[in-house]
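Biologist: I would like to go through the labels on this model one by one. Please set each value against its cut-off.

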Amino acid sequence: MRRRWNSINDWLDHRTGIQTAVRQFLYEDIPASSGWRQVFGSIAVFLFLTQAFTGALLAFNYAPTPGDAYNSLRYILTELTGGHLIRGLHHWGASMMIVVVVLHMVQVFLWGAYKKPREATWMVGVVLLLVTLAYGLTGYLLPWDNRAYWGTVVTTRIAGSAPVLGPYLTRLLGGEGSVGVVTFARFYGMHVLLLPPATILLIGLHVFLVRKHGVAPAPGDDLLPKQKFYPRQVFKDTVAIFIAFVVLFVMADTSYIPRPEWYFLFLFQTLKLFNGPMEVVGSVVLPTLAILALILTPFLDRGTMAKVTRRTLAWGIVVFAAIGWTGLTVAAVKTTPNPTVAMQIDYSAPTDWMQLSPAELAGIAYFRQENCVSCHALDGKGGKVGPDLTQASIHKDAAWMIQHFKRPSAMMPGSAMPPIQLGDAQLSALAAFLLKLNPNNATALQNAPDFAVQGAVIYQDNKCGTCHMINNVGVKVGPPLNGLNKREGRHWVEDHFADPAKLSPGSFMPPYKFDKKDLDNITTYLMSLPDV
């Protein structure tokens with residue numbers, strides 16, 4: 001049996017050379033000083049493979065058109081088995097890959113491993129860093145939500161500010177006029193069709209150059225005996241990859257949604273330092289000079305190799321760059337305005353609540369206030385004392401339900417439910433919400449964001465529906481409020497509440513003196529209303 005197996009191996013190796021190639025790869029000589037600092041390259045390759053695999057899984061269920069992209073992402077997150085985890089691995093893997101590639105570049109820079117004859121290896125690494133950042137830029141648009149849209153608007157405007165090439169770059173990115181179908185198609189094409197094969201070719205070239213010139217030894221290492229890549233370095237790479245995957249898996253399984261453009265915040269903050277004609281300095285000139293400095297590093301530093309502890313200038317540059325990047329990023333975070341409506345809404349979750357009337361949405365507030373779920377279940381989740389409120393068989397009309405809320409035992413003899421101490425309008429809103437419930441929307445409606453629920457309560461309490469319409473419910477005396485965010489800005493709405501006659505001459509709408517919290521809730525609610 002062993003002879004036959006050896007014969008098969010010999011035949012396969014003779015025809016393909018796979019075994020010989022693997023043997024040469026594993027048993028290549030590396031410097032005695034090689035160790036944990038060299039693991040970042042292997043982690044970066046692993047993360048790229050993870051991104052390619054999870055990206056392919058997402059592509060099987062993703063609709064790459066502006067009209068369907070967002071809904072297909074919702075399907076992946078809410079209905080596809082393992083969809084939330086797959087998307088989390090891909091999302092967090094993008095950020096983690098950038099971190100690891102940067103750490104790899106920093107390690108090479110500090111040890112001076114870019115010096116002769118490894119100049120080309122370093123330059124290919126710089127291009128790989130830029131390609132990794134390009135993944136973040138092109139993938140940012142693909143969820144096709146408000147945050148992605150406006151982030152891409154900024155990106156195309158930065159590209160358009162480049163001297164001479166600006167108009168051509170804008171046209172290439174499809175950003176002429178506005179971000180739309182052409183922009184989406186080109187970003188998707190670059191993200192899926194151009195960047196992956198370019199990355200594979202660059203990684204192959206990078207590994208070839210590393211193998212050709214060998215791992216850079218530490219000064220004085222030439223006199224020490226070499227070690228083999230396998231088993232010690234392979235073990236360290238494997239452990240590092242395992243740790244990286246555990247960290248990635250934990251992050252992918254969390255429900256926290258970060259700002260995916262965090263690694264570009266420093267650039268946006270830099271733009272704030274240059275206004276008007278000088279904006280091109282922050283958007284084009286400085287980034288271009290930084291990239292050129294990285295590429296030309298091997299030719300600017302042509303000194304002999306020195307121990308990492310003696311590379312004072314290199315350490316100074318890294319520390320200065322880290323402080324600058326951190327300072328600009330922190331400044332960008334601190335100066336970022338309060339989250340917009342789009343950022344407060346989790347568009348990856350069901351948004352059925354957006355289609356409710358103000359009364360039905362306010363009913364959710366009273367449902368929560370009375371803690372009805374402690375006795376009643378919604379689609380099988382909740383208390384078991386009373387019936388499941390999503391079952392159509394228990395639904396009565398609104399008039400019966402209001403009487404039941406007031407006198408439970410009279411309407412249903414033997415009921416242990418206490419009377420609900422709310423006004424008729426509030427009870428009517430609660431009844432409207434309960435009549436809207438069914439097994440398909442129960443969880444989505446119950447999890448409506450608090451700002452929308454409280455905003456609807458304020459809307460109802462102030463009888464705004466006697467003049468305005470929301471989702472085709474109300475009286476059309478004043479303008480319909482759906483799509484308000486496309487007609488007016490948030491500050492205009494807030495000022496209009498305080499002094500309607502000033503902003504809308506001839507308006508007979510009375511001024512409203514809301515406190516800060518109520519003003520924020522009702523304004524955010526109105527600004528979140530979709531078009532109808």
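Biologist: What makes Lys463 exposed or buried?

Modeller: First, the ground rules. This is a predicted model, where local features need pLDDT of at least 70, side-chain atom pairs count only at pLDDT 80 or more, and totals for chains, interfaces and linings use all residues. Residues are numbered from 1 along each chain as its sequence is written, and side-chain values use heavy atoms, with hydrogens and water left out. Now the label. Buried means under 20% relative accessible area, exposed over 50%, and partly exposed in between (1.4 Å probe, protein chains only). Lys463 has a relative accessible area of 57%, so Lys463 is exposed.

Biologist: Where does Lys463 lie, and what is its phi?

Modeller: Lys463 lies in the loop between helix 20 and strand 5 (469-470). Helices (H or I, at least four residues) and strands (E, at least two) are DSSP runs, numbered from the N terminus. Phi of Lys463 is near 55°, a positive value in a residue other than glycine. Most residues other than glycine have a negative phi.

Biologist: Why is Asn371 called partly exposed?

Modeller: Its relative accessible area is 40%, so Asn371 is partly exposed. Asn371 sits in the loop between helix 15 and strand 3 (377-378). Its phi is also positive, near 55°.

Biologist: What makes helix 15 mostly covered?

Modeller: Of its 12 residues, 9 are buried. Among them are Pro358, Glu360, Tyr366 and Phe367.

Biologist: What does helix 20 reach, and which of its residues are buried?

Modeller: Helix 20 (residues 450-461) reaches 16 Å from its first C-alpha to its last, close to the 16 Å expected. Its buried residues include Phe451, Val457, Ile458 and Tyr459.

Biologist: Why does His90 count as buried?

Modeller: Its relative accessibility is 19%, so His90 counts as buried. His90 lies in helix 5 (residues 83-111). Leaving aside residues up to four places away in sequence, His90 touches Gln51, Thr54, Gly55, Leu58 and His191. Contact means heavy atoms within 4.5 Å.

Biologist: What makes Gly67 exposed or buried?

Modeller: Gly67 has a relative accessible area of 60%, so Gly67 is exposed. Its place is in helix 4 (residues 66-78).

Biologist: Which peptide bonds are called cis here?

Modeller: Two cases to look at. The bond joining Lys116 and Pro117 is cis, with omega about 10°. Pro117 lies in the loop between helix 5 and helix 6 (119-139). The bond from Tyr230 to Pro231 is cis too, with omega near 15°. Pro231 is found in helix 10 (residues 229-252). Most peptide bonds are trans.

Biologist: How many helices and strands are there, and how do you know that the chain is more spread out than a compact globule?

Modeller: The chain has 24 helices and 6 strands. Its radius of gyration is 30 Å, well over the 24 Å that the globule rule gives for 532 residues, so the chain is more spread out than a compact globule. The radius is taken over C-alpha atoms, and the rule is 2.2 Å times the number of residues to the power 0.38. The C-alpha atoms fill a box of roughly 95 × 75 × 40 Å, taken along the principal axes.

Definitions and conventions
Expected span 1.5 Å × (residues − 1).
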